[in-house]
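Here is a short tour of a protein chain, meant to be read with the model open beside you. We start with the overall layout and then look at a few places inside.

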Amino acid sequence: RASSPRCSGPCTRHSDRRSAVKRGQREKILAAAAELLAERGIASIGRREVAKATDLPARAVSEIGPTRSDLLRVVVESLPFPPISEALQQQAQQPSVPAMQALLTAAREVLGSPAAAWDTREIQALALARYDPALGAVVQHRLDQRRAALTEVVRQLRGSGAVDDTIDDDAAALHLLAVGLGLSVIAGASTGWNAPSGWTGL
């Protein structure tokens with residue numbers, strides 16, 4: 001029995017083109033979902049809205065994220081960390097300034113622009129994480145990265161003698177994390193967030 005001829009060059013090129021199209025669609029869907037989540041929030045978007053924004057069929061969106069929570073998870077997975085968090089992670093890995101200066105700079109920036117510390121899409125993911133294990137795993141990973149960086153910066157601070165011996169490094173890092181997140185959540189919900197000077201004074 002004769003064997004079927006193997007498909008070589010033409011089939012490979014066709015497969016490559018198909019993969020490129022899939023990648024392009026994925027990037028387009030993720031970009032549209034990320035923008036819609038930032039502008040309107042998870043309660044106001046779904047597959048249809050993303051499909052409409054991309055001029056793609058809803059089934060193409062479903063392949064990326066069949067539910068709203070799935071779309072949010074995939075978007076948050078690919079999010080870069082906001083500038084303040086990125087700066088603190090760099091400080092943890094390669095200290096460029098005294099730890100106190102790094103923390104005070106971060107505090108000023110988060111008070112003036114909370115979005116520089118926490119992306120609104122990540123805040124949405126935090127709110128839903130307990131109801132979706134897959135989303136929760138993504139959120140936990142990102143929180144672990146933030147907390148590890150802050151713990152290292154606190155250790156740098158301790159090395160300069162600025163932290164009391166009774167204060168635990170991990171607890172201090174968690175406190176800093178919680179305060180920054182709390183301020184970012186309040187800022188997003190309050191129309192009166194226009195005078196950070198009071199918080200700075202505190």
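## Overall layout

From the N terminus on, the elements of the protein chain run α-α-α-α-α-α-α-α-α-α. That makes ten helices and zero strands, where helices (H or I, at least four residues) and strands (E, at least two) are DSSP runs numbered from the N terminus. Please keep in mind that this is a predicted model, in which local features need pLDDT of at least 70, side-chain atom pairs count only at pLDDT 80 or more, and totals for chains, interfaces and linings use all residues. Residues are numbered from 1 along each chain as its sequence is written, and side-chain values use heavy atoms, with hydrogens and water left out.

## Burial and surface

The protein chain has 202 residues, and 38% of them count as buried; buried means under 20% relative accessible area, exposed over 50%, and partly exposed in between (1.4 Å probe, protein chains only). Its accessible surface comes to about 12,400 Å², with 54% belonging to carbon and sulfur atoms. These areas come from the Shrake-Rupley method with a 1.4 Å probe, and for residues only the protein chains shown count as cover.

Among contacts (heavy atoms within 4.5 Å) with a separation of 6 or more, 65% join residues 24 or more positions apart.

## Where α6 meets α8

The axes of helix α6 (residues 99-112) and α8 come within 8 Å and cross at roughly 130°. Axes are lines fitted to C-alpha atoms, for helices over the stretch in contact, and angles run from 0 to 180 degrees between N-to-C directions. The two helices are therefore oblique to each other: angles under 35 degrees count as roughly parallel, over 145 as roughly antiparallel, 65 to 115 as roughly perpendicular and the rest as oblique.

On the α6 side, the contact is made by Ala99, Met100 and Leu103, and on the α8 side by Leu150, Val153, Gln156 and Leu157.

## Arg146 in α8

Helix α8 (residues 133-159) also holds Arg146. Is Arg146 buried or exposed? Its relative accessible area is 6%, so Arg146 is buried. The Arg146 side chain reaches the backbone oxygen of Ala117 at 3.1 Å. Not counting residues up to four places away in sequence, Arg146 touches Phe81, Pro82, Ser85, Ala117, Trp118, Glu122 and Leu177.

## Val50 in α2

Val50 sits in helix α2 (residues 47-54) and counts as buried because its relative accessibility is 0%. Leaving out residues up to four places away in sequence, Val50 touches Ile29, Ala32, Ala33, Leu36, Ile45, Val61 and Leu71. The C-alpha atoms of Val50 and Leu36 are separated by 7.6 Å, with the two residues 14 apart along the chain.

Technical notes. Polar contact = N/O pair within 3.5 Å; in protein donor to acceptor, adjacent residues only side chain to side chain.
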